[in-house]
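I opened my notebook to look up two things here.

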Amino acid sequence: MTESIHVLFYVPEGLETSSLKEIKEYMRDEGHYELEQGRVHYYGQVKSITEFIKYMQSIVIKSIYHSLIVTHEQPLPDTLLSSDHDTIHQSMLDITLSTPWRDYLMDPHATFRATFKKDHVKHSIRSYDIAGFVGYGVHQVYPEWTIKMTDYDYEIMAIWYKRKEEVIYTLGITLYTYHKFRNRVVVGRTSLTPPIAYCLSLLVQPEPGEIILDMCCGTATLPIEGASRYKDSFWLGSEVDEDTLMNKARLNMGHCKYNNVELVVGDGRSLPFRNGSIDTILSDWPWGIREGSFGKIQKLYPLFMKQMYRVLTKEGKAYILCQNPKIVKRILDYDWCQDMFHIHSVIPMNIGGMEVKLFLLQKWLH
């Protein structure tokens, strides 16, 4: 006899397919998957829900932000969302009380906390108020449980998120949440999150022995996450700011102790590598927002393009993340650049609420 489950994975927006590849490696049956913006839904069958929860809490899926096993999900009518806050509070409490929690959690004594998140849903209601009513409802089901804000056994997660024109209310039990300092001890102002960096490395899929370069590595999140996944390839990071490289990036590299990553001081305008020595470039270029300016990146990007073409192998590829795609497209339209690269694809992404683009560039064969 098997039981049906629904697991919701929160993943980097725009890289859902990339994350799905790793998710499938850990799920024990074929199941059914549905992709939404920033989310992957898994529907499957398990012999024991409680054993499945233990299994999911014991593994680390590096391409996701967090995951939860869904205990209840329903669309919220507009009439409810436009109601007064007391009516919404009571509705959230009623839904919590009617959820079959004991099908999922049977611990006689445990600690827990409740969290509420508005995911791209604008509403005046306060998140901690909803969390309070959800927590109160769970405590009615498990009166012997103790509320604990840190070092708890279970996190009960409530979420409002948009699906087309509807607001969906989801209740669930958190299975995993990524750690900001995974594989690093220092974070810079423009550092990518580990799940984004890991998903980007999944796109590259380097062959054993290949060399992948991040020409603007900063605190080295990209090469370190890539090295953690693909141990038979070599990951290089180049950074123009010597202080960032020596006091942040190298500190992170030493903390991880991967032997297939190396970092060097290098200027993207004049990379310290031989012609044709790099198989793939994967890099998050300066956006001109927190670092530099719009005027500066207009001057930098053409020089970066020329250096990429020089150091890449004949069949080399470049995966370039940028916030201003118009500049990249304008440069690629220059006569001299049209002979260097062509756009294989462009992936729209959302990072920190900002629309960005990932360009996959293929070097022309001459």
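How are α6 and α7 oriented to each other? I noted first that this is a predicted model, where local features need pLDDT of at least 70, side-chain atom pairs count only at pLDDT 80 or more, and totals for chains, interfaces and linings use all residues. Residues are numbered from 1 along each chain as its sequence is written, and side-chain values use heavy atoms, without hydrogens and water.

**Entry 1: the helix pair.** I looked up α6 (residues 194-204) and α7 (residues 221-229). Their axes lie 8 Å apart, at an angle of about 60°. The two helices are therefore oblique to each other. Oblique is what remains after under 35 degrees (roughly parallel), over 145 (roughly antiparallel) and 65 to 115 (roughly perpendicular).

**Entry 2: the contact.** I listed who meets whom, with contact meaning heavy atoms within 4.5 Å. From α6 come P194, A197, Y198, L200, S201 and L202. They meet T221, L222, E225, G226, S228 and R229 of α7. By class, the contact has six nonpolar, four polar and two charged residues.

**Entry 3: the cysteines.** I searched for disulfides (two cysteine sulfur atoms within 2.5 Å). I found zero. C256 is in no disulfide either, and its nearest cysteine sulfur, in C217, is 13 Å away.

**Entry 4: burial.** C217 is buried at 6%. C256 counts as buried at 15%.

Conventions:
Axes are lines fitted to C-alpha atoms, for helices over the stretch in contact, and angles run from 0 to 180 degrees between N-to-C directions. Helices (H or I, at least four residues) and strands (E, at least two) are DSSP runs, numbered from the N terminus. Ala, Val, Leu, Ile, Met, Phe, Trp, Tyr, Cys and Pro count as nonpolar, Asp, Glu, Lys and Arg as charged, and the others, Gly among them, as polar. Buried means under 20% relative accessible area, exposed over 50%, partly exposed in between (1.4 Å probe, protein chains only).
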